[in-house]
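The following exercises concern the structure shown below. Each consists of a task and a solution given step by step.

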Amino acid sequence: MRIAIAGFQHETNTFAPKPTKYDDFVMTDSWPGMLHGDMVMSETRGMNLPITGAINSAEAFTDHHQDRGQDRCIDLIPLLWCSAEPGGYVSDDAFDRIASMICDGILASGQIDGIYLDLHGAMVTASHFDGEGELLRRIRAVIGDNIPIAVSLDLHANVTHEMVNYANLITIYRTYPHLDMAATGGRAMDGLLDILSDAEISHAFRQIPFLIPLPAQYTGADPCLSIYKHMSQISSDRGAFVEWAMGFSASDIPDCGPSVLAYAPSSERADAMVADICDRIMAAEADFDPMLIDPEPAVQIALNSSSDNPGAKPVVLADVQDNPGAGGSGDTAGLLKALYHAGAEGVVCGIISDPDFTQMAHQAGIGAHIKAGLGGKSGVADDTPFEAEFIIHALHDGIFTYTGEMYGGGIAEIGDSCLVSPVGAADIKIVVSTYRTQCLDQCFFTSFGIDLTATRIIALKSTVHFRADFESLASQIIHVAAPGLFECRLERLPYQHLRGGMRWGK
Ligand SMILES: [Zn+2]
């Protein structure tokens with residue numbers, strides 16, 4: 001069997017002003033840059049990526065049959081894989097070029113039996129609310145209706161009827177932090193192989209009429225934990241399973257929001273699984289609380305906690321609204337200012353993305369002082385640079401090796417970076433980078449020689465992913481509502497395109 005595989009991932013924050021362009025899909029960040037042909041296989045091997053899991057599943061299928069002397073095997077035809085850091089809508093140029101490369105690659109592959117796609121599910125383009133639906137429509141126009149397509153999506157997908165109808169099977173991450181990306185790709189490939197073995201499959205799909213703020217989507221605690229546990233209890237490994245996308249609230253589109261999808265041998269079973277999970281989500285509506293606290297009181301809670309319990313584990317202040325992984329600029333200074341003005345000590349803070357600042361620091365050198373505004377340069381409402389004189393403690397080439405579970409072993413390329421402190425507040429250490437990236441891994445601090453267990457406050461720009469690597473270090477985690485392009489108080493967002501009947505915010 002010949003199966004074409006491709007990936008095209010973007011999570012679009014339609015409230016972020018800067019469009020996402022073709023070059024953003026080409027560059028390397030926390031994930032590889034744009035990969036073509038065989039590079040799709042070689043450069044993703046060993047990573048926690050959906051396409052890696054899909055490739056592993058296909059290879060396991062071939063090995064299984066060859067071990068038994070059967071000549072059933074899968075020939076994978078890798079076409080293209082790319083992703084861009086979450087941000088503003090995807091330009092028509094980027095979308096059309098990449099969609100064409102995938103469609104042309106399929107056409108050039110000759111006879112194929114199936115297609116696997118590694119997509120996010122919250123891509124909005126300049127011309128299409130539903131980027132993935134449009135991509136699938138274009139692929140169907142090339143291959144017709146008879147070749148099965150399996151897709152894996154992010155837990156933050158805003159799943160549409162078009163996606164469900166064009167794809168034969170969709171799987172969705174079940175963890176946030178996303179520890180199961182490769183497993184989700186593997187499940188999609190297994191499902192595709194079952195379809196190719198003539199398994200009967202029906203589906204059911206339903207959208208939920210309210211938005212869930214991302215800080216409340218953490219799957220390590222209720223209400224999400226119990227619902228996912230129940231999902232796994234009513235799903236079998238293969239052939240009958242239910243998936244839940246919690247949605248990405250910063251995509252202002254009619255299909256924004258959570259949805260539930262099930263596949264089973266009979267439509268009755270798929271319907272029953274979807275109804276069961278939807279009932280549980282609906283019943284938990286009031287429990288999806290983002291638990292946000294303004295910067296000054298949040299800092300005060302952290303200071304009181306560390307003075308009441310000397311020697312205790314540090315408090316993590318999560319700057320949840322300036323998460324580059326959700327389209328944040330990664331440069332707002334609100335939380336940093338609150339820490340500085342409160343006279344906090346034992347603080348590490350990161351990652352603030354500021355290319356001008358890092359360039360100045362690299363020119364000045366270690367030990368030098370520079371007077372500069374740090375961050376606050378992206379025009380985010382209520383945000384301005386943090387003006388101070390800084391001492392430069394360390395410089396870094398910006399190539400970090402992840403050590404945490406989510407991306408462990410992978411490389412982040414975030415450009416020239418540095419570690420600085422405001423003069424007179426040497427116990428506030430700030431990691432500054434050239435390119436924006438989510439602070440979800442301890443490596444961004446430990447690579448500078450920082451012992452995180454000896455700190456009192458860790459202030460980081462991430463919404464939930466940081467929990468995978470920082471939760472065990474922390475005595476307490478506080479969600480801080482400082483300025484950012486990823487507004488988590490949903491009632492403040494100027495939505496224009498949500499479908500009728502949607503509820504959001506308090
Ligand atoms: Zn996600």
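**Exercise 1: The domain interface**

In this predicted model, the rule finds 8 residue pairs in polar contact across the interface of domain 1 and domain 2, both residues of a pair being at pLDDT 80 or more. Characterise this interface by its polar pairs, residue classes and extent.

*Solution.* 

Step 1. Polar and charged pairs: beside the 8 residue pairs in polar contact, the interface of domain 1 and domain 2 has 0 salt bridges by the rule.

Step 2. Composition: the side of domain 1 that touches domain 2 comprises 16 nonpolar, 7 polar and 3 charged residues.

Step 3. Bounds: the domain assignment of the protein chain places domain 1 at 2-287 and domain 2 at 292-488. Their centres, taken over C-alpha atoms, are separated by 32 Å.

Step 4. Extent: 26 residues of domain 1 are in contact with 26 residues of domain 2. The two domains bury about 2100 Å² between them, with 61% of it on carbon and sulfur atoms. Of the area that domain 1 buries against domain 2, Ser-30, Pro-215 and Tyr-218 supply 26%, more than any other three residues.

Note on methods:
Residues numbered from 1 in each chain as written. Predicted model: local features only at pLDDT ≥ 70, side-chain atom pairs only at ≥ 80, totals over all residues. Heavy atoms only, no water. Domains from an automatic or database assignment. Contact = heavy atoms within 4.5 Å. Buried area = accessible area lost by both parts, 1.4 Å probe. Salt bridge = Lys/Arg side-chain N within 4 Å of Asp/Glu carboxyl O. Polar contact = N/O pair within 3.5 Å; in protein donor to acceptor, adjacent residues only side chain to side chain. Nonpolar A, V, L, I, M, F, W, Y, C, P; charged D, E, K, R; others polar.
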